[in-house]
Amino acid sequence: VDAQHWMNAADIVSPQAGGESPMTAAWRSAVQVEDYQLAVVQKALTMPRVRLLLADDVGLGKTVEAGLVLSELIVQRRIRRILIITPASLQTQWAEEMKEKFSLDFTVMNRQQQRIVERERGLDVNPWTQFPRIITSMHYLKQPAELDRFMMACHELEGVAEGEVPAQLAWDLLIVDEAHNLAPNRQDGFDSQLCDMLRDVGPRAEHRLFLTATPHNGFTESFTGLLELLDPVRFQQRASLSDEDKAHVRLAVIRRMKRDVLNA
């Protein structure tokens, strides 16, 4: 971590610091925050639209980094509706960590939760419209019928018909955990259902955080395709990276290994 970068983050997080927008999520949370994690929050706060690929090494706390970012955005009233897409095995862990560390309640959206909503609120109610903070499984949401129901909810939340441009998107923040599972596949020329799902879901969120410890699978076209899903304004899927692309990667990708943190 760059020393000046950390000093800037330390100044921002201090409750006594001056400035218009001090960082407060770190000392409101129930976590022991590391300096390199504060640098992620600082970087996110400088972006008009947060579009970050958090690619820190395993064990460096990407979930905590994401929690700090979303908590700070909530405190600053920049976001309200949050969608977290994760492998099914991590849904409960995400919900527990958000509750225990950041005092944020999330609803795990699955078949059981859908039946509860239908029983309590009626069959005509779309469950995706009923909760402001949702965690769901990527394999659950990729199902065609469920994805259709989700997209219908987005149009309902945005208050526009399909094809019209909304004044405000359905979701303020999208977090995708283990995002490498949803990257475009250029080994066989066919994208997966997960990738196609993210192509539909991504544009429905203003801010986006993708988390993965393995951002590059050895195929530049897959890597740039994932970045395009993250931020289509800044990136396009290509077989090679230009100097301009590399400059954008440095702005959008945060990648620290354990040895880097220890050396810092």
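## A predicted chain built around a parallel sheet

With a relative accessibility of 16%, T107 counts as buried, where buried means under 20% relative accessible area, exposed means over 50% and partly exposed lies in between, using a 1.4 Å probe and protein chains only. This residue belongs to strand β3; helices (H or I, at least four residues) and strands (E, at least two) are DSSP runs, numbered from the N terminus. Leaving aside residues up to four places away in sequence, T107 touches Q113, F131, R133, I134 and I135, a contact being heavy atoms within 4.5 Å.

The structure is a predicted model, in which local features need pLDDT of at least 70 and side-chain atom pairs count only at pLDDT 80 or more, while totals for chains, interfaces and linings use all residues. Residues are numbered from 1 along each chain as its sequence is written, and side-chain values use heavy atoms, with hydrogens and water left out.

**Confidence and overall make-up**

The protein chain has a mean pLDDT of 88, and 89% of its residues reach 70 or more, where pLDDT is the predictor's confidence in each residue, from 0 to 100. Over residues 12-20, however, pLDDT stays under 50, and for this stretch the model has eleven contacts beyond four places in sequence. Where pLDDT is low, the predicted coordinates should not be read in detail.

The chain's secondary structure comes to twelve helices and seven strands, and 50% of its 264 residues count as buried. Among the contacts in the chain with a separation of 6 or more, 72% are between residues 24 or more positions apart.

**The sheet**

The seven strands form an open sheet with parallel pairing, in the order β3-β4-β2-β5-β6-β1-β7; two strands pair if DSSP finds at least two bridges between them. The edges are taken by β3 (107-109) and β7 (253-254), each of which has a single partner strand, so one side of each is left without a neighbour in the sheet.

Strand β1 pairs with β6 in the parallel sense over four bridges, with L52 opposite L209 in β6. Strand β1 also pairs with β7 in the parallel sense, over two bridges, and here L53 stands opposite V253 in β7. In a regular strand the side chains alternate between the two faces of the sheet. In β1, R51 and L53 point one way and L52 and L54 the other way, and all of these residues are buried.

Helix α5 (residues 91-102) lies across β2 (82-86), β3, β4, β5 and β6 (205-211), and runs at about 155° to β4; axes are lines fitted to C-alpha atoms, for helices over the stretch in contact, and angles run from 0 to 180 degrees between N-to-C directions. Helix α10 (residues 220-230) is mostly covered, since eight of its eleven residues are buried, including F223, L226 and L230. The cover over its buried residues includes β1 (51-54), α9 (193-201), β6, α11 (243-252) and β7.

**Aromatic rings and charges**

Rings of Phe, Tyr and Trp (its six-membered ring) pair if their centres lie within 6.5 Å, and planes under 30 degrees apart count as stacked, over 60 as edge-to-face and the rest as tilted. By this rule the count comes to two aromatic pairs.

| Pair | Centre distance | Plane angle | Type |
|---|---|---|---|
| W128 and F150 | 5.2 Å | 90° | edge-to-face |
| F150 and W171 | 6.2 Å | 5° | stacked |

W128 lies in the loop between α6 (111-121) and β4 (133-137) and F150 in helix α8 (residues 144-158), so their pair ties together parts that are 22 residues apart in sequence. W171, in turn, lies in strand β5 (residues 171-176), so its pair with F150 in helix α8 ties together parts that are 21 residues apart in sequence.

A charge sits over a ring if NZ of Lys or CZ of Arg is within 6 Å of the ring centre and within 35 degrees of the ring normal. The charged end of R81 sits over the ring of W171, 4.2 Å from its centre, and the charged end of R133 sits over the ring of F106, 5.9 Å from its centre.
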